[in-house]
Amino acid sequence: MNTIVCVKQVPDPEIPPAKFKIDPETKKVVPPPGVPPVISVYDERAVEAALRLKDKHKGKITVISVGAGKVSDVVRHALSMGADEGFVIEDGAFENLDSFGTATVLSKAIQKIGGYDLILCGRQAADWGAGQVGSILAEILGIPVVTFACGIEAVDKKLRVRRVVKDGFEILETPMPSLVTVSSEIGLPRLPAGMSLMLARKKQIPVWKPQDIGLDLSDLDKEKAHTEIIGLSIPTRKKECEIITGTTPAEAAIQLAEKLSQLF
Amino acid sequence: MATREVFWNISYPYVMYLLAALGVAYWIYSLYQRYQLWRIGRPDECTQEIGKRIRVFIQTLLTEILTHRKFLRDPFPGIMHFLIFWGWIILLLASAVDAFTYYANLHLVGTPYLWFSLIVDIGGLLVIIGMLMAVLRRYILKPERLNSVFDDGIITALILIILVTGYMVEGLRQAATELKTHPEWALWSPGGFVFAKAFEGMDEESLRFWHQWLWWFHALMTIGGFVYVGLVFSKFQHILVSPLNIFFRNLGPVGVPAPIDIEKAETLGVGEIKDFTWKQLLDLDACTNCGRCQDACPAWATGKPLSPRKVIQDLKVHMVKANKKQTHSSESVPTLVGEAPTEEEIWACTTCAACQETCPVYVEHLVKIIDLRRNLVLAHSKMPETAQLMLRNMQSRGHPWAGIQSLRLRGDWTSEIEVKVLSEGDRVKTLFWVGCTGALAERNVKATLSMAKVLKAVGIDFGVLGEAETCCGDPARRAGYEFQFQISAEQNIETFKNHQIQEIITMCPHCYHTLKNEYPKYGGAFKVIHYTQFLYDLIQQKKLNLSHALALNLTYQDPCYLGRYNHLYQEPRQVLQALPQIRLKEMERSRNRSFCCGGGGGHMWIEEQPGTTKINQMRLEDVLKTGADTVVTACPYCLQMFEESIEHKGMKETLKAKDLVELVEEAMEATRT
């Protein structure tokens, strides 16, 4: 089965929030200098999900990424994990795309690639966390979407998807092709094996421009964007530490249980 | 004139020669068979530079083997082996002299003969004393590190029987001959004399009868010994195999694994016994199961499953078994890891090199363990979860740190002091290579700043890479993730070349080892110096004014990668001694016997397996025994490990962990203001 995985490059989410700055004029987040861009964590798990399906059913995995600058590193990372082919779609106009804009670009690229049974996205991006691209993309492509997957199986030309819900999970079946967004419960992404790591370094990753995928840049005009940023702020986190005491460990445990029950 | 008749009372001595020739031939055949077994391994570079090897071997023979320098570090077993070793040398030389003089018709007579008899008897006596010490140790004292097998008992008994019957034969001859004619001659063979006195009352016929029988028994036991040793490939073979191993030992830096050629590699690391090189298999047979490495191993000492002795012995058993199965049946070769040794054992190693340092026969454990890790990681993606996290971090952000430990960014420290941060196109001769931990971990940044201040104070023109510095690749290489190391090495070498760097000063001994000893194979040969060497040179040139008295009681932790890997024991100590008003008290285990902090081999990030205690806590006890108020080291891992163990013990008020350069900077303070 052939899978297309959409991955996004984000500033390293391990960077403490206080290191970021916000430009109030342009309403942009300015990451600190030298922050390495990394693959969005959920997207990495989407690649893992694709690889697990490939381990079982063979097929081909194509990875694509959209960006304004150099985003080939995240595609290369997916290749080193074991994906077969990668493309990046780059243009200066792609800076600050909203979910609709990103989905539009991705849909054009996916239509160019064609021949897919499954499209995978991360459940949300590690930077903005909007979690909309997957669903909008499915809508544009006219295929079913299942979100928050924690397990995907291919059974009789159908996809059986385990989906995380608040108090457990549900199992859904969807035809091929479908779009599935992947949640972290699917499991840890694999560490790229030695050989694929070295081979991925040598692979060519073609760069597509808007015209290569038949994209009309006017579709991405600001006026046509569906979202508008009103304000941005860096979250402040307060830490409070309270030592719970008790004459016996059992007593301390009871106190702790009471405290916790008050919190939730 | 004092003498004795060679082959007195013995008819058909050539029968003995014939049997001996057969016995020795069989023994040589057994060695040949073993040679064939080693050859299932891959080729090894150790057959190059034979001339240099001969030179080094002779040097080792004179300074180490004949003197037993390494053995005697452990007095009891050291003296024991010394006695047996020299006793046998005397006996073998004496036999050779005996045979030569007999067949060359140069019969030993008079005083030389008497001295000769005395020396031979002393040789035998030395062996007997040594063997009795061995029996005492192995079967009565039973130190933990000795793992006795059947073969040990057999060869012990065999040697004792051969020696005692030798004396008895001599005694019987003396009782029948010289005791009656020249009793003063007999005193020159004290071993035989004891028995001669005991047999004195017997009549000549029975003396001759028993002499003949015992003579043949003695000869047959000796010849049988050769056959036995060949038959079971007894550890007695170490007499030949271990020197061979010493001859072919790695002459380069310690613990440097061979690069994997991506284009040609058929296997990644060692998955089957035949993936080792033949020299690595020779290693297995050179091991005598003496257990010195086990005694030195920090993982074993703290109750982890790893014993370097057991790893080598298990691999040896596996080698024989796997080869038998391959040649004699269609059964598949048993898997290597899991059967011998286990994954837990392989991952418990901190690559501290204490095992190799102590091994008298130069068994090389480290590279084998890394080769086994390579296969697990590269071919099977099997590794502890924390190892995976570390490698993932290296891959995505160029350093192994994550979570709260990376509250800093790589270049943050440069904003706290004015330093030249190299940007594209900048050229500088001297690079100050900070290392991941020195740049990112808050505690270590203090040491980094100290070093930068010292460098500035002495007016060195240097640059740093700041954000552009990435990991040297050490943790990835030790964890077996070779390709990540290769990527890091190639990237860094390119960076060094772009800035036309000639000289690199490193903070971290692990970076030091990697840059200095491992990068040359990837095309990066730069002058790499550890900062302790640099400070030492400054002191030698009287360029450091250390006038501010510190008044501290210090002890010094030798970082493994500085000491055992690179033999820098003296430099850091000289720097310490130059500090005003300090007292340095060494720990019992120091210099090349130093005990690891627990942070090497990727273990700064790979979680320590449960054991009886943690390695850093055990080492802290060594520190406490010195009564020092400050433990000084020159490695960021050691510093982290000590900070952690001091905190764990609740001793933060009374014991400080310091980096050497921090003390130097403090001592300089007075001069700089």
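**Strands of chain A**

I began with S8(A) and S12(A), which run parallel and are joined by five bridges. This is a predicted model, so I keep that in mind for every entry here. Looking for a residue pair in this pairing, I found that A:Gly122 has A:Val182 in S12(A) as its bridge partner.

Next I checked the other pairing of S8(A). Strand S1 (residues 2-7) of chain A is parallel to S8(A), with four bridges joining them. Here A:Cys6 sits opposite A:Cys121 in S8(A).

How many residues of strand S8 (residues 118-122) of chain A are buried? I counted five of its five, and the strand is mostly covered. I then looked at which way the residues point: A:Leu118, A:Leu120 and A:Gly122 go one way from S8(A), while A:Ile119 and A:Cys121 go the other way, all of them buried.

**On to S9(A)**

From S12 (residues 178-182) of chain A I moved to S9 (residues 145-155) of chain A; the two pair in the parallel sense over three bridges. A:Val145 is the residue I noted opposite A:Leu179 in S12(A).

In which sense does S9(A) pair with strand S10 (residues 158-165) of chain A? I found this pairing to be antiparallel, over six bridges. A:Val155 has A:Lys158 in S10(A) as its bridge partner. S9(A) and S10(A) form a hairpin with two residues between them.

**Chain B as a whole**

I stepped back to chain B and found 28 helices and nine strands. Its C-alpha atoms fill a box of roughly 100 × 65 × 45 Å, taken along the principal axes. Of the 673 residues in chain B, 46% are buried. I also looked up how far apart in sequence its contacts reach: among those between residues at least 6 apart, 80% join residues at least 24 apart.

**Where the chains meet**

My last entry is on the contacts between the chains: 16 residues of chain A are in contact with 20 residues of chain B. Which element gives the most to the side of chain A that touches chain B? I traced that to helix H5 (residues 194-202) of chain A, with three residues. Sorting the residues on this side of chain A by kind, I get 10 nonpolar, two polar and four charged.

Definitions and conventions. Residues numbered from 1 in each chain as written. Chains lettered and ligands numbered in written order. Predicted model: local features only at pLDDT ≥ 70, side-chain atom pairs only at ≥ 80, totals over all residues. Contact = placed C-beta atoms within 7 Å. Nonpolar A, V, L, I, M, F, W, Y, C, P; charged D, E, K, R; others polar. Buried ≥ 20, exposed ≤ 12 C-beta atoms within 10 Å, placed from the backbone. Pairing = 2+ DSSP bridges.
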